[in-house]
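This briefing sets out selected local features of one protein model, grouped by topic. Please read it alongside the sequence and the coordinates.

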Amino acid sequence: MFYWFMKNLVAGPILRTVFRPWVVGHENIPETGGVILASNHLSFIDSVFLPLVMDRRISFLAKSDYYTAKGLKGWAIKNFLTATGMLPIDRSGGKASEASLNTGLGVLARGEVLGIYPEGTRSPDGKLYRGRTGVARMILEGGVPVVPVVMVDTEKVMPIGTRIPKVRRIGVIIGKPLDFSRFEGMEGDRFILRSITDEIVYELMRLGEQEYSDVYASSVKEKRGSLSR
């Protein structure tokens with residue numbers, strides 16, 4: 001109810017009026033059943049505008065760290081994340097990673113829409129980076145199609161490190177669903193997982209015409225952080 005209230009009566013109308021998001025390929029989203037939306041990730045507001053332009057509710061997996069802030073600020077952040085369909089997960093690895101996978105599979109098992117960023121983190125410079133294979137494992141274990149989604153110009157509206165967005169149009173390009181059912185039962189094969197992930201990222205690159213770099217975005221961030229010290 002809170003999600004619907006914020007999207008349709010409070011924040012949604014304001015954001016649609018100010019930023020005038022355009023959408024191409026909306027008909028490619030299945031009307032029913034579990035489905036994964038695999039998107040590039042340019043800005044924090046990707047998780048705001050993607051649900052805004054979709055008819056179906058979308059759930060995203062978000063770092064549990066976002067939910068730990070104290071006081072009024074913590075309360076506001078927690079409620080904002082809940083309103084935008086975020087599900088807190090622990091990304092520390094091991095059993096936590098398995099729990100995160102199960103959280104996502106639970107969304108799909110209910111016949112709902114799950115949003116995933118294959119790159120694993122926001123792009124530090126607008127490029128498209130190598131995908132993490134967790135998305136492929138979730139596709140195979142969930143037995144669902146995946147729809148590639150490209151966010152356009154969200155990094156220009158709210159670059160990393162800024163708090164106040166700039167007013168300009170953003171766009172969303174939705175590709176045709178990708179079917180990987182031919183790999184059913186092969187979620188334990190790391191080569192299959194890599195192949196699926198690379199195919200998804202290639203489709204994102206084709207749709208959005210982003211420059212691609214075959215390294216992990218997190219590695220680029222770590223390297224830049226070490227050079228700045």
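A charge is taken to sit over a ring if NZ of Lys or CZ of Arg is within 6 Å of the ring centre and within 35 degrees of the ring normal. By that criterion, the charged end of R132 sits over the ring of Y216, 3.8 Å from the ring centre.

The model is predicted: local features need pLDDT of at least 70 and side-chain atom pairs count only at pLDDT 80 or more, while totals for chains, interfaces and linings use all residues. Residues are numbered from 1 along each chain as its sequence is written, and side-chain values use heavy atoms, with hydrogens and water left out.

- Helices (H or I, at least four residues) and strands (E, at least two) are DSSP runs, numbered from the N terminus.
- Buried means under 20% relative accessible area, exposed means over 50%, and partly exposed lies in between (1.4 Å probe, protein chains only).
- Strand β2 (residues 35-39) is largely enclosed by the rest of the structure, because five of its five residues are buried.
- Both faces of β2 are covered, with V35, L37 and S39 buried on one side and I36 and A38 buried on the other.
- Two strands pair if DSSP finds at least two bridges between them; β2 pairs in the parallel sense with strand β5 (residues 113-116) over four bridges.
- Within this pairing, V35 stands opposite V113, and L37 stands opposite G115.
- In β5, V113 and G115 point one way and L114 and I116 the other way, and all are buried.
- β2 also runs parallel to strand β7 (residues 146-152), to which four bridges join it; the bridge partner of S39 in β7 is V149.

**Aromatic pairs**

- Rings of Phe, Tyr and Trp (its six-membered ring) pair if their centres lie within 6.5 Å; planes under 30 degrees apart count as stacked, over 60 as edge-to-face and the rest as tilted.
- The structure holds two aromatic pairs.
- One of them joins F19 and F49 edge-to-face, at 5.3 Å centre to centre and with 80 degrees between the planes.
- F19 lies in helix α1 and F49 in helix α2, so this pair ties together parts that are 30 residues apart in sequence.
- F19 and F49 are both buried.
- F60 and Y117 form a stacked pair, with 5.6 Å centre to centre and 15 degrees between the planes.
- Because F60 lies in strand β3 (residues 58-63) and Y117 in the loop between β5 and β6 (128-129), the pair ties together parts that are 57 residues apart in sequence.
- Burial applies to F60 and Y117 as well.

**The second largest pocket**

- On a 1 Å grid over the protein atoms alone, a pocket is an open set of points where a 1.4 Å probe fits, with protein on both sides within 12 Å along at least five of seven lines; lining residues have an atom within 4 Å of a point.
- Grid points are joined across faces, edges and corners, and a volume is the space filled by probe spheres set on the points.
- The second largest pocket holds about 320 Å³ of space.
- It is lined by 15 residues, of which F44, I45, M158, R163 and P165 are the closest to its centre.
- Helices α1 (2-19) and α2 (46-52) are the elements that give two or more residues to this lining.
- By class, the lining has eleven nonpolar, two polar and two charged residues, where Ala, Val, Leu, Ile, Met, Phe, Trp, Tyr, Cys and Pro count as nonpolar, Asp, Glu, Lys and Arg as charged, and the others, Gly among them, as polar.

- A109 belongs to helix α4 (residues 95-109) and counts as exposed, because its relative accessibility is 70%.
- A109 and G142 are 33 residues apart in sequence, and their C-alpha atoms are 7.0 Å apart in space.
- The buried residues of helix α5 (residues 134-142) are V135, A136, M138, I139 and L140.
- G143, which follows α5, has a positive phi near 65 degrees.

- D153, a residue other than glycine, has a positive phi near 70 degrees.
- D153 lies in the loop between β7 and α6 (154-157) and, at 21% relative accessibility, counts as partly exposed.
- E209 is not a glycine, yet its phi is positive at about 55 degrees.
- E209 lies in the loop between α7 (190-208) and β9 (212-213) and is exposed, with a relative accessible area of 71%.
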